[in-house]
Amino acid sequence: EWAAVVLLYWSLMAPRRFSLLTAFWMGLAIDTLSGALLGQNALALLVIVYLADKFHLRLRVFPVSQLAITVFVLLCLHVFILFWIDGIAGRNVPLAERWVPPFTSTLVWLALLFLFGGAMAVFSVSRHAESSAIVGITMLSSPLCRARSSRPRRARSGSNQARLRQM
């Protein structure tokens with residue numbers, strides 16, 4: 001589950017740096033090292049990273065509690081895909097061994113969030129999300145935008161003001 005936690009963290013916090021290809025190769029490496037069916041973990045990781053990548057802008061405006069629940073659901077989906085593939089292949093895995101890791105992995109994900117400072121980004125985005133669009137949030141935080149907004153505006157010429165009065 002460590003790979004799923006790390007991939008979820010980075011796909012939510014820096015989606016341009018970690019793509020589906022990273023999830024695929026990491027899943028194949030886990031399959032090779034653990035002796036699982038080749039492609040089993042790769043498929044499960046691809047699905048959860050795709051969903052996290054597709055909805056990362058929506059998920060980042062969630063409060064940390066809702067974000068933790070969403071990560072828990074994604075980790076449960078990861079475990080369900082592994083459980084489903086094992087069932088098709090005829091491999092029996094004890095339920096406690098399969099369904100306890102999403103709980104602990106969610107706690108590890110929360111620890112990563114606070115450790116790497118991602119919580120501050122989540123809190124700052126969610127605080128401004130009520131009053132502005134997500135695109136506006138990133139633009140407001142850029143130094144270029146602040147420099148433009150602090151410049152004094154030029155006064156309109158008299159002819160422009162006269163035209164505006166006529167309308």
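Mentor: A nonpolar core is a set of buried Ala, Val, Leu, Ile, Met, Phe, Trp, Tyr and Cys residues joined through side-chain atoms within 4.5 Å. Keep in mind that this model is predicted.

Trainee: Which residues touch the most other members of the largest nonpolar core?

Mentor: They are Leu8, Leu12, Leu45, Trp109 and Leu113, out of 24 residues in that core. Two or more residues each come from H1, helix H3 (40–54), H5 and helix H7 (101–115). H1 gives the largest share, 8 residues.

Trainee: What makes H1 count as mostly covered?

Mentor: Buried means under 20% relative accessible area, and 9 of the 12 residues of H1 are buried. Among them are Leu7, Leu8, Leu12 and Met13. For the protein, 32% of the 167 residues count as buried.

Trainee: What does Leu12 touch, residues up to four places away in sequence not counted?

Mentor: Leu12 touches Ala52, His56, Leu59, Arg60, Leu67, Val71 and Trp109. Contact means heavy atoms within 4.5 Å, so each of these residues has a heavy atom within that distance of Leu12.

Trainee: How do you know that the span of H1 is close to the expected one?

Mentor: The expected span is 1.5 Å times one less than the number of residues. H1 covers residues 2–13, and its 12 residues give an expected 16 Å. From first C-alpha to last, H1 reaches 17 Å, which is close to that value.

Trainee: Why is Trp84 called partly exposed?

Mentor: Partly exposed lies between the buried limit of 20% and the exposed limit of 50%. Trp84, in helix H5, has a relative accessible area of 49%, and therefore counts as partly exposed.

Trainee: Which residues make the nonpolar surface patch?

Mentor: Phe80, Phe83, Trp84, Ile88 and Leu95 make the patch, about 550 Å² in area. Patch residues need over 30% relative accessible area, and Trp84 at 49% passes that cut-off. Helix H5 (residues 64–89) gives the most to the patch, with 4 residues.

Note on methods. Residues numbered from 1 in each chain as written. Predicted model: local features only at pLDDT ≥ 70, side-chain atom pairs only at ≥ 80, totals over all residues. Heavy atoms only, no water. Buried < 20%, exposed > 50% of the residue type's maximum accessible area, 1.4 Å probe, protein only. Patch = residues over 30% accessible without salt bridge, like charges linked within 9 Å, V, L, I, M, F, W, Y side chains within 5 Å. Areas by Shrake-Rupley, 256 points an atom, 1.4 Å probe, with all protein chains shown as cover. Salt bridge = Lys/Arg side-chain N within 4 Å of Asp/Glu carboxyl O.
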